[in-house]
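Please look over the sequence and the model below.

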Amino acid sequence: MNFDPFLVKPNSSIKLKHYDPRFISGLETQDLHLSKDELKARSDELLLQGVKRLGELQDKLYAQNTYALLCIFQAMDAAGKDGTIKHVMSGINPQGCQVFSFKQPSAEDLDHDYLWRYARNMPERGRIGIFNRSYYEESLVVRVHPELLDRQQLPDRLRHSKNIWQQRFEEINNFEKYLTNNGVVILKFFLNVSKEEQKKRFLKRLDEPEKNWKFSANDVRERQYWDDYMNAFEDVFNHTSTEHAPWYIVPADRKWYARLVVAAVIQQTMEQLNLAYPEITPTQRQALVQARQMLEAEH
């Protein structure tokens with residue numbers, strides 16, 4: 001699969017209106033002529049293959065204990081973050097994966113710097129960490145709702161600074177560079193759902209009793225700020241997509257396709273790490289021989 005249509009190149013200036021939430025690419029040419037059901041079945045087959053390979057790679061990542069992988073998911077409500085995480089990580093050993101969903105900051109969080117609660121939940125070496133929303137909320141929801149900045153107990157000169165968002169972009173870039181310099185591989189996904197598709201999914205949550213729990217009246221209120229969020233996301237992508245921590249804008253109106261893209265990006269990234277099981281030393285090998293002899297000598 002060619003990831004160029006999704007990758008935000010460093011130092012670029014993108015507009016989200018140029019990214020089609022229903023875009024499909026990367027499947028075999030003949031697959032694109034299949035019916036909707038046939039195409040989904042084909043994608044499910046490819047995803048199953050990718051999930052199996054991810055499980056193999058994660059096992060080596062865990063055994064090697066050198067790298068950590070951090071996958072960040074950002075999106076508007078109902079874009080499919082939970083479902084994507086569930087399906088893509090379905091073949092991963094739970095011992096090697098950590099998922100954190102960041103809600104509104106607590107009183108303890110607000111008594112620290114804005115990166116504190118994220119830094120303390122970074123994945124350990126050998127593990128895959130997943131952030132369902134992340135420190136990027138500090139340049140998204142806080143920017144769209146500047147009154148939230150008042151809760152962060154910043155000195156007035158910082159809270160009212162005209163350069164606060166540029167400053168946060170710089171701080172986040174430095175933070176991510178620090179992480180990559182210490183073996184943390186960072187992938188950032190924006191699930192790009194259209195406003196029309198979001199409405200359909202909200203209505204489905206209202207129509208189906210088993211989905212009512214997912215719905216919040218606040219989700220509808222936030223739709224009023226759609227354009228503000230799109231502007232904030234564009235600014236984030238243009239300032240924080242780097243060689244060491246790239247952003248991928250994933251078409252998300254078709255959930256099956258979003259899952260396929262995310263799985264493929266993660267798989268390719270892990271393949272490039274040349275992961276391998278640790279080689280044992282001659283001393284360790286001799287210990288294995290002795291252990292075998294002891295076991296075989298038992299009656």
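Helices (H or I, at least four residues) and strands (E, at least two) are DSSP runs, numbered from the N terminus. The model is predicted: local features need pLDDT of at least 70, side-chain atom pairs count only at pLDDT 80 or more, and totals for chains, interfaces and linings use all residues. Residues are numbered from 1 along each chain as its sequence is written, and side-chain values use heavy atoms, leaving out hydrogens and water.

Start with the pocket. β1 (7-8), β5 (184-192) and α11 each give at least two residues to the lining of the second largest pocket. A pocket here is an open set of points on a 1 Å grid over the protein atoms alone, where a 1.4 Å probe fits, with protein on both sides within 12 Å along at least five of seven lines; lining residues have an atom within 4 Å of a point. This pocket is lined by 19 residues, and Glu243, Pro246, Tyr248, Thr269 and Gln272 lie nearest its centre. Its volume, the space filled by probe spheres set on the points, is about 330 Å³. The lining divides into 11 nonpolar, five polar and three charged residues. Here Ala, Val, Leu, Ile, Met, Phe, Trp, Tyr, Cys and Pro count as nonpolar, Asp, Glu, Lys and Arg as charged, and the others, Gly among them, as polar.

Helix α11 (residues 255-271) also meets helix α2 (residues 81-88): their axes come within 10 Å and cross at roughly 50°. Axes are lines fitted to C-alpha atoms over the stretch in contact, with angles from 0 to 180 degrees between N-to-C directions. On the α2 side, Gly83, Thr84, His87 and Val88 make the contact, and on the α11 side Arg259, Val262, Ala263 and Ile266, where contact means heavy atoms within 4.5 Å. These residues comprise four nonpolar, three polar and one charged.

In the other pair, the axes of helix α7 (residues 164-181) and helix α10 (residues 226-240) come within 10 Å and cross at roughly 45°. Gln166, Phe169, Asn173 and Glu176 of α7 touch Asp235, Val236, His239 and Thr240 of α10. By class, two are nonpolar, four polar and two charged.
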